[in-house]
Amino acid sequence: MYVEVVQGRTSDPAAVRAGLDRWAQEVAPGATGWLGTTAGVTEDGRVLAVVRFESEEAAQKAADRPEHRRWWSEAEQSLEAVTTVRSSTDVTVDLQGDPDRAGFVQVMQGRTSDPVRAAELMSQDPDVWAEFRPDVLGSVTIGHEDGGHTVVLYFTTEADAREGERKEVPPQLRAAMEEMEQLAVGPTDFFDLRDPWLRSPA
């Protein structure tokens, strides 16, 4: 899988959403290899979109199409800050439910001193995690250069997610969480998408 993480800023979330809807309706049908998009705008106007493709080649072909270029030239008018795009093929998908039914999405961006060990820790005890946090429908973890990462978490609702955060962590999971915290380098940035825009070919 190949993923692009697109970030910017806007004061007009409705315009950004309308642009995404236009892409899904008018451009996506010809974008072979597109797997889906998770996007939204935080309350402070930060735009974030995670676009998934089968491969980098498929993404490049989609971007090179004239209809995509016309769409982007219009869509970027609703963005006020310079847009950054980070791509990666280091992608791990973990599903416990249907992420397209998520009522709340939280995106975390940070760095770790040992990406390999962090990935090992995150893959441990999936059944225990699923029982502990039934509010989590799934996640997409994207590795970037220099140990950076973007983690997209799909929740049933924000209320369920907040309730889950308050639960006491089982002993079986506590050690892994503590080690993950020790591996973290610097602060983690959180994007709360309270009105997530979830689009997929289906």
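Tutor: The protein has 20 positive and 37 negative charges, and their mean positions lie 4 Å apart. Lys and Arg count as positive, Asp and Glu as negative; His and the chain ends are left out. Each charge is placed at NZ of Lys, CZ of Arg, CG of Asp or CD of Glu. This is a predicted model: local features need pLDDT of at least 70, side-chain atom pairs need pLDDT 80 or more, and totals for chains, interfaces and linings use all residues. Residues are numbered from 1 along each chain as its sequence is written, and side-chain values use heavy atoms, without hydrogens or water.

Now the overall form. The protein holds seven helices and ten strands. These are DSSP runs numbered from the N terminus: helices are H or I of at least four residues, strands E of at least two. The C-alpha atoms fill a box of roughly 55 × 30 × 30 Å along the principal axes. The radius of gyration is 17 Å, which agrees with the value near 17 Å for a compact globule of 202 residues. That rule is 2.2 Å times the number of residues to the power 0.38, and the radius is taken over C-alpha atoms. Of contacts with a separation of 6 or more, 80% join residues 24 or more positions apart. Contact means heavy atoms within 4.5 Å.

Next, burial. Buried residues make up 43% of the 202. Buried means under 20% relative accessible area, exposed over 50%, and partly exposed in between, with a 1.4 Å probe and protein chains only.

Here is the core itself. A nonpolar core is a set of buried Ala, Val, Leu, Ile, Met, Phe, Trp, Tyr and Cys residues joined through side-chain atoms within 4.5 Å. The largest one has 16 residues; V105, V107, I142, V152 and Y154 touch the most other members. Six strands each supply at least two of its residues: β1 (2–9), β3 (46–53), β6 (104–111), β7 (136–143), β8 (148–155) and β9 (189–193). β7 gives the most, with three residues.

Take I142. Beyond residues up to four places away in sequence, I142 touches V3, V5, V50, S88, D90, G148, H149, T150 and V152. Another core lies apart from the largest one; it has 13 residues, among them W34, A59, A62 and W71.

W34 sits in strand β2 (residues 34–41). W34 counts as buried because its relative accessibility is 7%. Leaving aside neighbours within four places, W34 is in contact with W23, A28, V51, R52, F53, R199, S200 and P201. Its C-alpha is 27 Å from that of D135, 101 residues away in sequence.

Go back to β8, where V151 is found. V151 also counts as buried, because its relative accessibility is 7%. Neighbours within four places aside, V151 is in contact with Q106, V107, M108, M122, V140 and T141. V151 and V91 are 60 residues apart along the chain, with C-alpha atoms 9.7 Å apart.

Contrast P187, in the loop between α7 (171–183) and β9. P187 counts as exposed because its relative accessibility is 75%. Its contacts, neighbours within four places aside, are Q109 and G110.

Last, D125, in the loop between α4 (115–122) and α5 (126–132). D125 counts as partly exposed, at 27% relative accessibility. Its phi is near 50 degrees, a positive value in a residue other than glycine. Most residues other than glycine have a negative phi.
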